[in-house]
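Please read it alongside the sequence and the coordinates.

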Amino acid sequence: MKEGNRKVDEQAREVIANIMLFDVSDPRLELVTITGCSVSYDRAYCDVYYSVEPERYAECEAAFNSSKGHIRSLMAKKLDWKQAPELRFHIDETVDAAEKLNKYINMEKERQATYDKTVGKGEEF
């Protein structure tokens with residue numbers, strides 16, 4: 001990925017995050033974190049990645065679908081691009097994967113601690 005496109009992606013993420021924080025009043029979109037954006041090279045599309053609690057996935061997806069036009073128009077006013085990109089919202093599953101991995105690491109630590117207590121450190125069974 002080129003440096004210029006990375007800057008455009010970060011600029012889009014900042015603008016959308018600020019719009020979510022200050023301009024969107026939909027209560028279904030509270031506590032939603034915009035984790036990243038990927039703007040196409042021609043700036044026609046912007047894939048927006050967000051994270052939220054897993055039980056709120058459907059609720060937030062519906063809220064984004066209903067307010068994406070409003071967010072896009074506010075984005076057009078705040079950016080000096082020739083056109084406002086079409087917004088496509090996606091759940092960022094990396095946060096869920098990290099939590100799952102952390103859970104497995106903790107389970108393994110507990111298993112190892114139990115093993116060390118029953119067998120003893122350095123002993124063979």
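A residue is buried if its relative accessible area is under 20%, exposed if over 50%, and partly exposed in between (1.4 Å probe, protein chains only). Helices (H or I, at least four residues) and strands (E, at least two) are DSSP runs, numbered from the N terminus. By these terms β2 is mostly covered, with five of its seven residues buried. The model is predicted: local features need pLDDT of at least 70, side-chain atom pairs count only at pLDDT 80 or more, and totals for chains, interfaces and linings use all residues. Residues are numbered from 1 along each chain as its sequence is written, and side-chain values use heavy atoms, with hydrogens and water left out.

**Overall fold**

- The chain has three helices and three strands, in the order α-β-β-α-β-α from the N terminus on.
- The radius of gyration, taken over C-alpha atoms, is 21 Å, whereas a compact globule of 125 residues would have a value near 14 Å; the globule rule is 2.2 Å times the number of residues to the power 0.38.
- The C-alpha trace spans about 70 × 35 × 20 Å along its principal axes.
- Of the 125 residues in the chain, 31% are buried.
- Of the contacts (heavy atoms within 4.5 Å) with a separation of 6 or more, 61% are between residues 24 or more positions apart.

**Sheet**

- The three strands form an open sheet in the order β1-β2-β3, with mixed pairing; two strands pair if DSSP finds at least two bridges between them.
- β1 (33-39) and β3 (86-91) are the edge strands, each with a single partner, so one side of each is left without a neighbour in the sheet.
- Neighbouring strands are turned by 25 degrees against each other on average, direction ignored.
- β1 and β2 run antiparallel and are joined by six bridges; within this pair, I34 stands opposite Y50.
- β2 (residues 45-51) pairs with β3 in the parallel sense, also over six bridges.

- Axes are lines fitted to C-alpha atoms, for helices over the stretch in contact, and angles run from 0 to 180 degrees between N-to-C directions.
- α2 has a kink of about 55 degrees centred on S67, where the bend is the angle between axes fitted to the seven residues ending there and the seven starting there.
- S67 is also among the buried residues of α2, which include C60, A63, F64, I71, L74 and M75.
- The largest nonpolar core has 26 residues, and I16, F64 and M75 have the most contacts inside it. Such a core is a set of buried Ala, Val, Leu, Ile, Met, Phe, Trp, Tyr and Cys residues joined through side-chain atoms within 4.5 Å.
- α1 (3-22), β1, β2, α2 and β3 each supply at least two residues of this core.
- Not counting residues up to four places away in sequence, F64 touches M20, L29, V32, I34, Y50, I71 and F89.

**Positive phi**

- L31, in the loop between α1 and β1, has a positive phi near 60 degrees although it is a residue other than glycine. L31 is exposed, at 68% relative accessible area.
- R43 lies in the turn of the hairpin formed by β1 and β2, which has five residues between the strands. R43 is not a glycine, yet its phi is positive at about 60 degrees, and it counts as partly exposed at 29% relative accessibility.
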